[in-house]
Amino acid sequence: MPMTRRGITAGMLGLGAQLATRNAGAQTPRWPERPVRIVVPFTPGGSTDILARALGAELQEVLGQPFVVENRGGAGGTIGTEVVAHAPPDGHTLMMGHIGTLAVNPALYHNLSFDTATAFAPVVLVAIVPNVMVVNPKLQAKTVPELVALAKEKPGGLTYGSGGNGSAAHIAAVAFSLAAGIEMTHVPYRGTGPMMNDLISGAIDLTLTGGPPALPPVRSGLLRALGVSSLQRLAAAPDIPTIAEQGMPGFEAVQWYGLVAPARTPPAIIARLNTESARILKGEKLQPRLEAEGAVASPGTPEEFGRFITAERERWGDVIRRTGVQAN
């Protein structure tokens, strides 16, 4: 029996709907299909690691696949960063990037196998983390001006630790030394955790590192906090004055952390990750926890994060060129 015009039209509409569905499926891949790894390019115990594990645990609950943190430390974060730069862009490998790996290292390391400006797709700015200047209690300095005075009495005599050359703590201390007009000796470690252990034991004098690893030993009396590197005091530690209000007006050197994926990761996956991460970071469960550790949840769009990375790369690249900081 021949088909009527109405039947032909209905059949064509049905075929069109099937094709549209198939095309939508092709544009929006099923994801995640297996465990997702979040590469942390540092050893366990630092702010990068703490934030990656906190966000990963929440993403795992929402997206139904394990989000596994993989610590790949070494060479100021460049080893783990390289792993992600060359990973398949399928959404199953991410990196918790930060000021060091995404903004400092491009100026510090000149033989990288990737271009930081083009190797990654920004996903979401996770948090702004003001640095806290903490000292071993044996050090005869209870304020930032007293520390500066000690440093000027004996140039290079004070030692400060960091999670490695080019790490956020290293660059923050360089910026502080430049602003204060002092010289201190840098002692790089293979991660924030080992550095904090040595600071507590008295092997080094001080550090300028993020709130998550710095505040717990301060609260327990193992370390003394002298100042915060943001322009406002921390809600989690309002008794710690800012460095700016202690004779260094305008001084600011904060850390920041954010998820990135390999370049060419499908936009649909980036959008899903951004939406879910932003909802989690603004939620009642994680936001108070971050605030208690001295971190400020700061999610925005991938485009906003990309512009932020570019501006930070220009700012800290200039600091490195002015001070002559070396990777080794």
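Reader: If rings of Phe, Tyr and Trp (its six-membered ring) pair when their centres lie within 6.5 Å, what is the count of aromatic pairs?
Author: The structure is a predicted model, in which local features need pLDDT of at least 70 and side-chain atom pairs count only at pLDDT 80 or more, while totals for chains, interfaces and linings use all residues. Residues are numbered from 1 along each chain as its sequence is written, and side-chain values use heavy atoms, without hydrogens or water. Under the ring rule, the count of aromatic pairs comes to four.

Reader: Is the pair of phenylalanine 176 and phenylalanine 251 stacked or edge-to-face?
Author: Planes under 30 degrees apart are stacked, those over 60 edge-to-face, and the rest tilted. The two rings are 5.9 Å apart centre to centre, and with 80° between its planes this pair is edge-to-face.

Reader: How many residues apart in sequence are the parts that this pair ties together?
Author: Helices (H or I, at least four residues) and strands (E, at least two) are DSSP runs numbered from the N terminus. Phenylalanine 176 belongs to helix α6, whereas phenylalanine 251 sits in the loop between β8 (224-228) and β9, so the pair links parts separated in sequence by 75 residues.

Reader: What is the volume of the largest cavity?
Author: A cavity is a set of points on a 1 Å grid over the protein atoms alone where a 1.4 Å probe fits but cannot get out; volume is the space filled by probe spheres on the points, which are joined across faces, edges and corners. The whole structure holds two cavities of 30 Å³ or more. For the largest cavity the volume is about 140 Å³.

Reader: Which residues are closest to the centre of the largest cavity?
Author: Lining residues have an atom within 4 Å of a point. At least two come from each of α2 (47-63), α6 (168-180) and β9 (254-262). Of the 15 residues in the lining, the closest to the centre are Thr48, His98, Thr192, Gln255 and Tyr257.

Reader: Which element gives the most to the lining of the second largest cavity?
Author: This cavity contains about 30 Å³ of space. Its lining includes Ile99, Ala168, Ile171, Gln255 and Trp316, and by class has seven nonpolar, two polar and no charged residues. Both α6 and β9 supply at least two of the lining residues. The element that gives the most, with three residues, is α6.

Reader: Which element supplies the largest share of the lining of the largest pocket?
Author: A pocket is an open set of points with protein on both sides within 12 Å along at least five of seven lines. The largest pocket has about 230 Å³ of space, and of its 15 lining residues Tyr160, His170, Val174, Thr323 and Val325 are the closest to the centre. Six nonpolar, eight polar and one charged residue form the lining. The largest share, four residues, is from α6.

Reader: Where is alanine 75, with its positive phi, found?
Author: Alanine 75 is not a glycine, yet its phi is about 55°. The residue is in the loop between β2 (67-71) and α3 (78-85).

Technical notes: Nonpolar A, V, L, I, M, F, W, Y, C, P; charged D, E, K, R; others polar.
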